[in-house]
Amino acid sequence: MKNNILIFGIIFVVLSSLTFTILNYEKNSKIEKYLENKAKQYVQSYNATYEGYKKLANVIYETDINTKEVRNIFKSASETTGAAKDLVRVKLYNYLKNTYELLKKYNIKQLHFHLPNNESFLRFHRPKKFGDNLTDIRATIKYVNETKKPIDGFEEGRIYNGYRFVFPLSCEGKHIGSVEVSFSTIALSLEIINSYNVIAPFLISKDVIKEKVFNDEQSNYIKSEFEKFYLEKELVQIISKTAKTKTVRTLSQKTKDIINKRGLDNNSFSIYEPKRQEIMTFIKVKNPVSHKVVGILVVQSSADYIFNKTTNFFVILIFSIVLIALVLLLIYKELEQKAKFQIQAQKEYEINVQLQKANIEIEKNRLDQEKLFKYEKMASMGEMIGNIAHQWRQPLSVISTAASGIKINYEFGMLKEENIPEYMDTIVKNTEFLSDTIDTFRDFIGEEKELKEIVLQKRIEDILKIISASLENNNIKIKTNTDNIEPIKLAITAGELDQVIINIINNAKDILVERKVNDAWIKLDLVKEKNKILITIEDNGGGIDKEALPKIFDPYFTTKHKSQGTGLGLHISYKIVTKSLMGKLYVQNTEAGVKFFIELPMS
């Protein structure tokens, strides 16, 4: 009796420890993945916001600064000295003064002209500060005056920091200097704050500020909680008026250590800050010339997901441990009861118990498999929606640019009636593209179980339209030969064939991205034989391990991390082709990578 109790006690400890390890690993894996996605999300948001400022800066340069009148005034700046040079400065200031006041409504922080030798000629934000040489202070100005090419990015200056867009100026074929249009980091931080309901302070390298900023302007900055970085005082004051209470709590030492160690490396990342119970995403900002990290945009967002995940972990852990204890207790009592019966009766009882357990396990496995099949379908749907998002990015950018051009030209009184149809045509054309993409996506969803006659080449063309943007975004070329043969008509459930092709191409894309393949490509070939159609999909991702190749269509088998795949994608594809489409699906390695074969009967 005592020995049995000891054995069951050991089993309880082992199972409880194993349960804790598995659940904790699953929790940490999902939290880590969530933090990675958070970092990607806010980096993309930051880049989109920055691109908006860049487009505006280019419009301002082309419409208001790079004009014949401005160039004619500024060209004599480097040809005169003394009082004559001062007169040129006054003339240029008076000519653009009203324009600068209007530009400030668009968050323009600085409008700054420089001579070809990098001397500051006119700062509209500090018109009385001029004549200092910026060669060793402003690498972007030196770059533009040397290369005669524009450049943009974050850079600290003598007075202000900002996102600077520096353009060359020339007159009658001669380089006469450069001009800078700058947006403050405060403007970008506030746009992120207002758009996503987060806190977004901007950290600036302490060494950069001490090296570049005028001594009498360094009071604009204060120390941050990270020893290598300063904060702009004005932004701190703005944030303090709207920040939630928890954002003013002291940071944990772990967070400080991470930033002190990783603050100046090149990678953006997200971490969970336990003291503030929030997610902190550190977006690295580099100097456009040196490409060194000189600032960090810190996005402080809600950590509800992590809180809920941790809470669920403890609830499930406690429930599992109690369940283990109850099951072991029942088993123990059952074993004790069985000891009272004869050997034959005990054997019959054990057989019945085993049969019952087997039936329960079979039913449980069936239900689990149905859930996983649904999960795999939802994952495929998510990938389709991601492909739609990739398709939309370019037309939305074009529409935004056209609308901005109309607005700015209207506000400056430069909108010409003959240009309006061109803008409208651009907007309508790209809007129709977005509508067509939605129609294609809707057709794919609606045809999942619909038996209909299709033209196979047209169907493949529609599939590639959906996923092409995702492939292009990952620098993957798609090659096809579907136009080289006569149209093939088939009566099949088209939605199921779409799922198979998209699944195989997405698997190929994941491998090419994971292995960082140079000149990555996916090739889709279509061959019509006597009684069958052969579709092949090949990639140059290096192939599949020989040991894994025979198992590739087995259920739950996956070469991906468990958090990235269920192992059902290719299994479902195999069942669709062999059971529903009455065809064959097989795979083999090639010199370049792996090649999938889909055989479909003509009837």
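At 38% relative accessibility, Glu101 counts as partly exposed, a class that lies between buried (under 20% relative accessible area) and exposed (over 50%), with a 1.4 Å probe and protein chains only. Lys104 likewise counts as partly exposed, at 37% relative accessibility, and the side chains of Glu101 and Lys104 meet in a salt bridge with an N to O distance of 3.3 Å. A salt bridge here is a side-chain nitrogen of Lys or Arg within 4 Å of a carboxyl oxygen of Asp or Glu. The structure is a predicted model, in which local features need pLDDT of at least 70 and side-chain atom pairs count only at pLDDT 80 or more, while totals for chains, interfaces and linings use all residues. Residues are numbered from 1 along each chain as its sequence is written, and side-chain values use heavy atoms, with hydrogens and water left out.

Side chains of opposite charge can pair when their charged atoms come close. By the salt-bridge rule, the count comes to 24 salt bridges. One of these joins the side chains of Asp86 and Arg89, at 2.7 Å from N to O; because Asp86 and Arg89 are three residues apart in helix H3 (residues 82–103), they are separated by about one helical turn. Helices are DSSP runs of H or I with at least four residues, numbered from the N terminus. Asp86 counts as partly exposed at 36% relative accessibility, whereas Arg89, at 6%, counts as buried. In a further salt bridge, the closest N and O atoms of Arg123 and Asp132 are 2.8 Å apart, and both of these residues are buried. Arg138, Glu155, Arg164 and Glu180 are linked in a network of salt bridges.

On the surface, Ile7, Ile11, Leu15, Leu18 and Ile22 form a nonpolar patch with about 420 Å² of accessible area together. Such a patch is made of residues with over 30% relative accessible area and no salt bridge, nonpolar side chains (Val, Leu, Ile, Met, Phe, Trp, Tyr) being joined within 5 Å and like charges within 9 Å; accessible areas come from the Shrake-Rupley method with a 1.4 Å probe, and for residues only the protein chains shown count as cover.

How values were computed: Helices (H or I, at least four residues) and strands (E, at least two) are DSSP runs, numbered from the N terminus.
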